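Subject: Structure for your review

Hello,

Here is the structure I said I would pass on. My notes on it follow below; please read them with the model open.

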Amino acid sequence: MKKLDKELRVMLVDGLGGPMSRRGFIKRAGAAGLLLGASGFIAACGDKTTTTAAGGGTQEMSKELFFYNWSDYIDEDTLPNFETEFGTKVVYDNYSSNDTLLAKLQSGATGYDIIVPTDYMITTMLGLDLIQEIDLDNIPNVANLYPRFREAPFDPGNKYSIPWQWGTTGIGYNSAKVPDFKPSWEMLWDENYSGKITMMNEIRDVFAVALFRLGYSPNTRDTAQIEEAKQMLIEQKPLLKHYTSDTYIDELASEDSWLSHGWSGDVFQAQLENEAVMYAVPEEGSLTWVDSMCIPKDAPNKYTAEVFMNYICDPEVAAAISNYVYYASPNEKAEEFILPEILDDPQIYPPQEVMDKLMFLEELGADTELYNTAYQELRAS
Amino acid sequence: MTKPADTGMTEASAPVILGQNSGPLSRAISRLRGHSFAVANLLMAPTMLWLLLFLALPLGVILVYSFGSRGTYGDVIYGFAFDNYLRAFSPIWLPVILRSFLFAGIATALTLAMGYPLAYFIAIYGGRRKSIYLILVMVPFWTSYLIRTYSWIVILRSQGVVNTILQWANIIDNPLDLLNTPFSVILGLTYGFLPFMTLPLYASLEKLDKSLIEAAWDLGASRIWALLTVTIPLSIPGIIAGTLLVFIPAVGDFVTPDLLGGPDTLMIGNVIQQQFLSARDWAYGSALSFSLMAILLIGIFLYVRKVGTENLA
């Protein structure tokens, strides 16, 4: 049923010019319209309910909860069920890149109770003092999570974040057009597929590919290693169709791209439209990421946000989300409710030997500049 | 160049511009004229306030940012240093800036080449269907620019409309690489900005005194010669307005090269966008924006001076 729903949705959305990505379509709209978007917050702020004071310890449910999440990233029933159970109306808004989310928070646009940044972005937001500590007493269901998400390097002990969904970065490929595919980053440098290869338009992600291929850490601060990676990426440039973080879903589906560097769930969306599309995590190692719920510093309804987080950590609720969006759940107890086709899919739940080679991107603080500069030189070359 | 037009416009606008009859409206107008300075200020106030709040103030903020630097987590540290400007004029961006000007220039020339005949046709031969034609020119604006640009992907991609038709007609065997090329970016810019060229050209041609063209013909000028020596010089204000309205946003556009471009079509707008979003170096992005604005302002100044400021009046 759910799968059918999703296919229908993809078809409908495709009619508008391409499938939506969790991190996709409105990215540019968001970038172009930061100001416009901010108006939504003003409205949100005006509606603040009186039951909880900002930052106060009120243990009372508010009338409304302002939830800001990635687009296309929730089961259709999750919010209605929560509303029925708790009598709180959820005001749900979407974004499609961490950068948009951060820019909005930084520009002072607040009023949201829950946001869902990605791992490294949590470090950034903590550094910028944009999120606040969570009261885990209100979230007993956090015990349902896998240990590795309870002790994640960016937030050990879930002091600031409760994981939502996780996935990997890898290669989406067309198994019919690329019969000699092997799970290696080398494929993205294969001259036989010149013009049919896409790379993401993400600074750190692009460098991670070259760094993994060279056997270095994707979080290196070594300028010589970054320079070596840059040269490798410059060599790759003539083979590329373009750099894109969203349209590759559509391009994989329409066979305009045969080899795309991309996020797991995005490739699965292309798979729904074109059965020849497959996903692999290269054996040199790759990135893993987890999007986690956080509470902004001046969230009006902190307690309600924590109740909502607890609700999401309920095994059945968590499973329903995975069953709908086809990403892996950080919830261990949810396994028994997740569709076998998802749980047994090595593309979604990778085997242990792959898991061992997955790394998180780390926020490098001032050294981020090394990557920014190198990426500019790559793109301008 | 501003004498009142003698055809078309006259009947509609006569009661307002001429104070011949002594109706209450014209009396009110002449009374207003007495206080023209105060009235002008009053009329300007909302716009000035708007411009101050939403143009001058944000520009001021960006100017302040541009002298700062990037904090550890991508925040702006205020200061007073020219480092960002030195980086903005670093040689690595030269090819990117030249490419932006080249693409925008070609797109401007193409919109002029297509927009002029179109505006001329509507203004001179539109007759009573003028407003329908004008609405047709503006219809694309009813759809988001993003959606319209996405639809070019559907048209140009390898299994897209163009390639499918060409292959079906046996004109080509393998799909052409139309998308993600300089061609597709220039096409996208041209398509997107065509109305910005057509409308000012139309406004200019529509108020053109047609009897001057007839006089040129009567005096023995060929059609082409009359076009070159009478019509086009008289429509220079429209040409200037149109080229500026197309060229300036096209130089800084980032959506079109992002969606339709390839690895080698990076434009300066993309670079600036990248600084504000993924690189999170707002100070550098601000300096790049100001540098681009400075270059454009100097260019516009020289251009308008060359073509003749008095024509803009």
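A:Y68 has a relative accessibility of 2%, under the 20% limit, and therefore counts as buried.

The structure holds 38 aromatic pairs over all chains. A:Y68 and A:Y112 form a stacked pair, because their ring centres are 4.4 Å apart and their planes are at 5 degrees. The pair links distant parts of chain A: A:Y68 is in strand β1 (residues 64–70), while A:Y112 is in the loop between α5 (98–106) and β3 (114–115), 44 residues apart from A:Y68.

A second pair is made by A:F149 and A:W166. Their centres lie 5.8 Å apart and their planes are at 45 degrees, so this pair is tilted. A:F149 belongs to helix α7 (residues 147–150) of chain A and A:W166 to strand β5 (residues 162–174), so the pair ties together parts 17 residues apart in sequence. A:F149 counts as buried because its relative accessibility is 2%. For A:W166 the value is 3%, so A:W166 counts as buried.

Among contacts in chain A with a separation of 6 or more, 74% come from residues 24 or more positions apart. Chain A exposes about 13,700 Å², with 53% of that supplied by carbon and sulfur atoms.

Now to chain B, which has 15 helices and two strands. Buried residues account for 41% of its 313 residues. Of the contacts in chain B between residues at least 6 apart in sequence, 67% join residues at least 24 apart. The accessible surface of chain B is about 17,300 Å², and 72% of it belongs to carbon and sulfur atoms.

One helix of chain B is worth a look on its own. Helix α12 (residues 236–252) of chain B has 17 residues and should span 24 Å at 1.5 Å a residue; its end C-alpha atoms are 24 Å apart, which agrees. The buried residues of α12(B) include B:I236, B:I239, B:I240, B:T243, B:L244, B:V246 and B:V251. Among the elements of chain B that cover the buried residues of α12(B) are α5 (94–125), α9 (182–206), α11 (223–234), α14 (268–276) and α15 (282–307).

Chain B also has a charge over a ring: B:R223 lies over the face of B:W217, at 3.9 Å from the ring centre.

Last, the confidence of the prediction for chain B. The mean pLDDT of chain B is 87, and 87% of the residues score at least 70. Among the elements of chain B, α5(B) has the highest mean pLDDT (96) and helix α1 (residues 9–17) the lowest (41). Over residues 1–19 of chain B, pLDDT stays under 50, and the model has 13 contacts beyond four places in sequence for them.

Regards

Conventions: Residues numbered from 1 in each chain as written. Chains lettered and ligands numbered in written order. Predicted model: local features only at pLDDT ≥ 70, side-chain atom pairs only at ≥ 80, totals over all residues. Heavy atoms only, no water. Phe/Tyr/Trp six-rings, centres within 6.5 Å; stacked < 30°, edge-to-face > 60°. Helix = DSSP H or I, 4+ residues; strand = E, 2+ residues; numbered from the N terminus. Buried < 20%, exposed > 50% of the residue type's maximum accessible area, 1.4 Å probe, protein only. Lys NZ or Arg CZ within 6 Å of the ring centre and 35° of its normal. Contact = heavy atoms within 4.5 Å. Areas by Shrake-Rupley, 256 points an atom, 1.4 Å probe, with all protein chains shown as cover. Expected span 1.5 Å × (residues − 1). pLDDT = per-residue confidence, 0-100.
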